[in-house]
Amino acid sequence: MLGFIVKRLLMAVPTLLIVAVSVFVLVRLVPGDPASLLLGDMATPSALADLQRRLGLDRSLPAQFGIWFGHVLQGDLGQSITSQQPVLPLVWDRFLVSGRLVVVAVFLAVLVAVPAGMVAAWRQNSLADLVLVGTSTLLLSIPTFWLGLLILLLFGLKLGWLPVVGHVSFAQSPGHALMYMIMPVLTLFLHEIGVVMRMARASTLEVLRLDYITHARAKGLSEREVMWRHAFRNSFGPTWTLIGLVLGNLLGGIAVVETVFSIPGLGRLLVDSIFGRDYPVIQGCLLFVAFVYVVVNLVVDLLYPLFDPRVTAS
Amino acid sequence: MKFLERRPAPNAWIGGLIVGSLLLVAGVGAFWTPYDPLALNFTAQLAPPDAVYWLGTDEFGRDVLSRLMAGATTSAWISLLSVGCAVLVGTTLGVLTGYLRGAVDRVVMAFNDALMAFPGILLALGLMAVLGANRYGIIGALAVAYTPSVTRVVRGSVLSLREREFIDASRVMGNSGLFTMWRHVLPNCVAPLTVLATSMFGWALLAESALSFLGLGVPPPAPTWGNMLAASRSHFDEAVWLGIFPGICISLTLLGINLLGDALRDRFDPRMRGLR
């Protein structure tokens, strides 16, 4: 068990290192050097040279990476060009807004989709199965930004039940904050039901064909016991792994939903920084989301043995 | 072509029909649309769907149907080209690393895994920042974002193929490594590649629409389904059709691709056979 944890932790280190290199190189591919971007068009040559020296831009590229990476390890992701704020607190604040939506939506989706997927697999090729599979394929095919618009149209504009756009933080007013969260969470929730239900169904089907399930039925166990005690534990693994991927993918693609509902989250920060050519913030966002993605998947992998102790053996 | 002998599943029919129609509309849209998709008409602003403008007009009096057709052309091109590039580069890398192994394999795969550590759409967003928000920027960004998946799938197939007898036989016959890869390894990767490429076509179309929706895709006035949806938001309560039709187009296309992808997976992946 300990060996498994250590091995998995060590595997994440080179990945994170190459992620850092990629983000660094990516932003350096942009034409123009960071110092002139920071100072703008009005900079004097001497001020430019001074800043270049201060930022270490007169050194070789690997040396520059070393300096930058050293700062990153200390939690210093640089300073925003447009707002002059340090990048890490900026990214962190926005992350809390987006992360809350994503985690709540995925949690609710799993609660609904896993049992639904298991029912579909249990009654394979029945009418219930057809309806569930059809629904999940349909939900999967509707892009979140259109689903969001439709939800906005229905609940916000036609029915007028919920506030249309904007965001209120929990610190200001918890009740209002929840009201503003309903529509974006519903959007992500409906979309993820489709994704998770398919996986839950497929992995349950695979398990239900195995001999031990036939054996359990032959013993005279009720269907309820067969499904929950025997099928569920063995079939949940792939879905659990998928949850990690889904969390990261949603965080990476949340910009569209935040745009629909005017939420000041991490996705909006990234897109606005791309428009504003605010490279330190772009770099910070990319690095942060990739870091979260790797860590979430690491945690998912480390918790995997709780469902399936076999993985630690190999 | 043995797989054609069996009767295709209903989802293959429906999916194929939808995707086929999309490609047909995209092909027609490249040469002909009912109206000029860019022509402004200030006498027919925000006209609801009727006999003249079947799907209505937008805030500049442009015909929505024509714009949807032109958008289909743009989206289909961008998706096909980006998936094509990803398949080309990814297959080359996958076959070479899987067949040759060694240090090159380890280095390429390390980078590959790191690229896969980014959620696809995020990587595309980052690359858009560098490549610029235009159609070539999107194609480049999506191609780079999807290449690692292709490399991994192809390399996986090649790793198992290279242990098989017919590959040894080819070597014993004195064929060069390059010939063996081209003639014997590559054709056996086609099945998993087809399944992946079909799904990737859907991912690319969705990503292109999302980027255009964010204003990072094909710049206006050129129509895409994504930027039409984005523009519809300012007129949502007075001209609801502007936000409905592009969304239906994207969803229907994705549905078709998903159904087709499922059917192909059932067909080609023996592990899944009989499960669905």
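Leaving aside its neighbours within four places in sequence, which residues is B:Tyr146 in contact with? We'll get there by way of the two chains, so let's start with the overall picture. Keep in mind that this is a predicted model.

Chain A first. The C-alpha trace of chain A spans about 85 × 55 × 35 Å along its principal axes. Of its 314 residues, 38% count as buried. Take the contacts in chain A with a separation of 6 or more, and 71% of them are between residues 24 or more positions apart.

Chain B is built from helices too, with 10 helices and 0 strands. Its C-alpha trace spans about 75 × 45 × 30 Å along the principal axes, and buried residues make up 49% of the 276 residues in this chain. Among its contacts between residues at least 6 apart in sequence, 69% join residues at least 24 apart.

Now put the chains together. The contact takes 38 residues from chain A and 34 residues from chain B. On the chain A side, each of α1 (2–28), α6 (127–141), α7 (144–158), α8, α10 (223–253), α11 (255–260), α12 and α13 (279–303) supplies at least two residues. What sort of residues are they? The side of chain A that touches chain B divides into 28 nonpolar, 9 polar and 1 charged.

Next, the inside. The largest nonpolar core has 160 residues, and the members that touch the most others are A:Val196, A:Cys285, B:Ala124, B:Leu142 and B:Tyr146. Helix α8 (residues 174–208) of chain A gives the most to this core, with 16 residues. If you click on A:Val196 and skip residues up to four places away in sequence, you'll find that it touches A:Ala109, A:Val110, A:Ala113, A:Val114, A:Thr239 and A:Leu242.

That brings us back to B:Tyr146, which is found in helix α5 (residues 135–161) of chain B. Why does B:Tyr146 count as buried? Because B:Tyr146 has 29 C-beta neighbours inside 10 Å, and the cut-off for buried is 20 or more. Beyond its neighbours within four places in sequence, B:Tyr146 is in contact with B:Ser82, B:Val83, B:Ala86, B:Gly120, B:Met200, B:Trp203 and B:Ala204. As for B:Ile78, 68 residues apart from B:Tyr146 along the chain, the C-alpha atoms of the two are separated by 13 Å.

Back in chain A, have a look at how one pair of helices packs. Helix α5 (residues 87–122) and helix α12 (residues 266–275) of chain A meet at an angle of about 130°, with their axes 7 Å apart. That angle makes α5(A) oblique to α12(A). From α5(A), the contact is made by A:Val91, A:Arg94, A:Phe95 and A:Ser98, while α12(A) brings A:Leu266, A:Gly267 and A:Leu269. Sorted by class, this contact has 4 nonpolar, 2 polar and 1 charged residues.

Finally, how many of the 8 residues of helix α9 (residues 211–218) of chain A are buried? The number is 0, so α9(A) lies largely in the open. After α9(A) comes A:Gly220, whose phi is positive, near 95°.

Methods: Residues numbered from 1 in each chain as written. Chains lettered and ligands numbered in written order. Predicted model: local features only at pLDDT ≥ 70, side-chain atom pairs only at ≥ 80, totals over all residues. Axes fitted to C-alpha atoms, helices over the stretch in contact; angles between N-to-C directions. Helix = DSSP H or I, 4+ residues; strand = E, 2+ residues; numbered from the N terminus. Parallel < 35°, antiparallel > 145°, perpendicular 65-115°, else oblique. Contact = placed C-beta atoms within 7 Å. Nonpolar A, V, L, I, M, F, W, Y, C, P; charged D, E, K, R; others polar. Core = buried A, V, L, I, M, F, W, Y, C linked by C-beta atoms within 7 Å. Buried ≥ 20, exposed ≤ 12 C-beta atoms within 10 Å, placed from the backbone.
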